[in-house]
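Please look over the model shown here before reading on.

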Amino acid sequence: MSISEADVRHVAMLARLALSDEQVSRLQGELNSILGNIEKMQELDLEGVEPTSHSIPLRNATRPDVVKPGLPRELALLNAPEAENGAFVIPRIVGAEEGA
Amino acid sequence: MSLDVSKLSARAIRDGIAAREFSAQEVADATYARIDAVEGPVHAFNELTPELAREAAARVDAMVAAGEELPPLAGVPAGLKDNMNLVGTHTTCSAKILEGFQSPYDCTAVRRLLNAGALPIGKCNMDEFAFGSSTENSAFGVTHNPWDLSRVPGGSSGGSAAAVSAGMVTVSLGSDTGGSIRQPGALTGTVAMKPTYGRVSRYGIVAFASSLDQIGPFARNVEDAALVLNAISGHDDMDATSVRESVPDFTANLADGVKGLRIGLVRDMLDLEGLAPEVREATEMSVRTLEGLGAEVGEIDLPTSRHGLAAYYIIGPAEASSNLARFDGIRYGHRVSDATDVLDLYMRSRTEGFGPETIRRIMLGTYALSAGYYDAYYGTAQKTRTLISQEFEAAFEKFDVLVTPTSPTVAFKIGEKAEDPLSMYLSDVYTIPMNLAGLPGISVPCAKSGSTGLPIGVQIVSKHFDEATMLRVAAALEGALGLDMTPPLV
């Protein structure tokens, strides 16, 4: 499988990255080189093999359903680039004409 | 005469304080004096925390004054990788996007280390978000190897390794996703250990790949590493993947020797391209040394493990791309000031805030998880992971521990691999399979290069939750070799 420039731009959008043309071009080469090497993995016979997502046998980890304090608001906002009235500030999402 | 703690063991420091030979405050003073002398050219730290260290020292000294029994790491200077939160410190992951981030709570492993009496000396440099094997991918400058300042200390926990190697701290914590503790341990001549996945809580560490990450110690001897493991291990309600397995005293069997233990040299790993002959020889010599101490030595091939690197470079980036989605410029971290809408804010804040290797891994992981490629890459990698685990299970029916090189080479030059991601990725070929299988591994210094004098490490691997046997073998090897691993810098 070879990654095209359009693939790189598509993946960058999925990853929410605004890449320059120069970054797109360099990443296309690097990703193709890395994935070319990774494809060696396909040599293995994986027929009927179950995938592993967790290396240690673990049953459901439950705890008593007891209310505990969470992160206090001032700590949650401690590192906010912009905060106001105890909330994170973000750019307007709903259009101005729809009213606030 | 002023106190020099740069070569003292954790036990010697704790016992010296208990015997009132010196105070914890004097240990803190000596530590920062040492840092003043050698940190400049090494750059192991992103932040020093003398106020926190002196508060901790005062608590230890108050215990001495009150005649109380001191905890096992009382007054022991400790470095913390800069991806671990500790209130009163910044946690940056050596990333521009997290510059100035104030820790809102404590990482459990750090809290446990400090509860055992350790002094928090500072936050150690690392590859950005732990992506790398050289600590060159730090937004705050490269860490230099105390053995040769023109060389890398390994990575990603290179600052934690260099700080211990250079005698600036007695022990430190790192994190290991594919070798990020063990490989810098090998390159700096320190004892460096990744515990079994789940042995140590991951709460409060900035996640890289959640199914692979594990916190562990650096130390200048095996016993100190075991003491740190004692302190940080055990279930934590805040991390559902931390296990309820009982935690033994990992120092209890260190002197038991290796007589009768079955030790397997992983033969086909010695044939991998890129393994330096001197590392191969040092690995074989280590196994012969253990045989001379009474171990039953055999050989085994692990042919599937060589595919670990490929599986890792799918699974690691896939999990990382998901974990790093949280950096959106809204709740914390770098944010562009002139965003036109929320999408523009996400995209430009992320792109400006992440370094080149972070962007590379996010792209690789997002691609591997994207529609149409998921089965071919992520699915295949997870099945490969199963085969690697099964191969290790079979090997541990024949052997108590396995022995491999830790790193294919000694420390390489700064800049040597910086422009070639693939050759950098190969640095972790011997350590990655253990993360995929969740196994514990330790790197122990075993030789110095004949040509460069640089340290060489050997990796010892044991079954899940059998760190005690691994540490016992490591201690026996350390005792038999009797190496002085003080770098020439210091």
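This is a predicted model.

**Helix H8 of chain B**

Start with the outward side of this helix. The face of H8(B) turned away from its buried side carries Pro277(B), Arg288(B) and Gly292(B), which are exposed. H8(B) runs over residues 277-292, 16 residues in total. From first C-alpha to last, H8(B) reaches 22 Å, close to the 22 Å expected at 1.5 Å a residue.

Now turn to the inward side. Val279(B), Ala282(B), Thr283(B), Ser286(B), Val287(B) and Leu290(B) of H8(B) are buried. These residues cover an arc of only 135 degrees around the axis, so they sit on the same side of H8(B).

What covers these buried residues?

The axes of H8(B) and H15(B) come within 10 Å and cross at roughly 95 degrees. H8(B) is therefore roughly perpendicular to H15(B). On the H8(B) side, Ser286(B), Thr289(B) and Leu290(B) make the contact. On the H15(B) side, the partners are Val473(B), Ala476(B), Leu477(B), Ala480(B) and Leu481(B). Ser286(B) and Leu290(B) are listed among the buried residues of H8(B) too.

Just after H8(B), Gly294(B) takes a positive phi of about 110 degrees.

**Other helix pairs**

Chain B has a second pair to inspect. The axes of H2(B) and helix H3 (residues 50-65) of chain B come within 7 Å and cross at roughly 155 degrees. That angle is over 145 degrees, so H2(B) is roughly antiparallel to H3(B). From H2(B), the residues in contact are Ala24(B), Gln25(B), Val27(B), Ala28(B) and Tyr32(B). They meet Pro50(B), Ala53(B), Arg54(B), Ala57(B), Ala58(B), Val60(B) and Asp61(B) in H3(B).

Chain A has a pair as well. Helix H1 (residues 5-14) and helix H2 (residues 21-38) of chain A have axes that come within 9 Å and cross at roughly 105 degrees. H1(A) is therefore roughly perpendicular to H2(A). Glu5(A), Val8(A) and Arg9(A) of H1(A) make the contact with Val24(A), Leu27(A), Gln28(A) and Leu31(A) of H2(A).

| Helix pair | Axes come within | Crossing angle, roughly |
|---|---|---|
| H8(B) and H15(B) | 10 Å | 95 degrees |
| H2(B) and H3(B) | 7 Å | 155 degrees |
| H1(A) and H2(A) | 9 Å | 105 degrees |

**A buried arginine**

Is Arg34(B) buried or exposed? Arg34(B) counts as buried, because it has 21 C-beta neighbours inside 10 Å and the cut-off is 20 or more. Arg34(B) is placed in helix H2 (residues 24-42) of chain B. Leaving aside residues up to four places away in sequence, Arg34(B) touches Ser6(B), Gly167(B) and Met168(B). Ser6(B) is 28 residues from Arg34(B) along the chain, yet their C-alpha atoms are separated by 7.3 Å.

Most residues other than glycine have a negative phi, and most peptide bonds are trans.

Phi of His43(B) is near 55 degrees, a positive value. His43(B) lies in the loop between H2 and strand E1 (45-48) of chain B. With 20 other C-beta atoms within 10 Å, His43(B) is buried.

Ser94(B) is not a glycine either, and has a positive phi of about 55 degrees. Its loop lies between strand E2 (77-81) and helix H4 (108-115) of chain B. Ser94(B) is buried, with 32 other C-beta atoms within 10 Å.

The cis bond is elsewhere. Gly155(B) and Ser156(B) are joined by a cis peptide bond, with omega about 10 degrees. Ser156(B) is in the loop between strand E3 (119-124) and helix H5 (158-165) of chain B.

**Where the chains touch**

Chain B puts 54 residues in contact with 41 residues of chain A. Several helices of chain B give two or more residues to this side, including H9 (308-323), H10 (342-353), H11 (356-369) and H12. Which element gives the largest share? H12(B) does, with 10 residues.

H12(B) has 25 residues, 374-398, and should span 36 Å at 1.5 Å a residue. Its end C-alpha atoms are 36 Å apart, which agrees. H12(B) also has a kink of about 25 degrees, centred on Thr380(B).

Definitions and conventions. Residues are numbered from 1 along each chain as its sequence is written. Chains are lettered from A and ligands numbered from 1 in the order in which they are written. This is a predicted model: local features need pLDDT of at least 70, side-chain atom pairs count only at pLDDT 80 or more; totals for chains, interfaces and linings use all residues. Helices (H or I, at least four residues) and strands (E, at least two) are DSSP runs, numbered from the N terminus. The expected span of a helix is 1.5 Å times one less than its number of residues. The bend at a residue is the angle between axes fitted to the seven residues ending there and the seven starting there. A residue is buried if 20 or more other C-beta atoms lie within 10 Å of its own, exposed if 12 or fewer, and partly exposed in between; C-beta atoms are placed from the backbone. The arc is that of the directions from the helix axis to the C-beta atoms. Axes are lines fitted to C-alpha atoms, for helices over the stretch in contact, and angles run from 0 to 180 degrees between N-to-C directions. Angles under 35 degrees count as roughly parallel, over 145 as roughly antiparallel, 65 to 115 as roughly perpendicular and the rest as oblique. Two residues are in contact if their C-beta atoms, placed from the backbone, lie within 7 Å.
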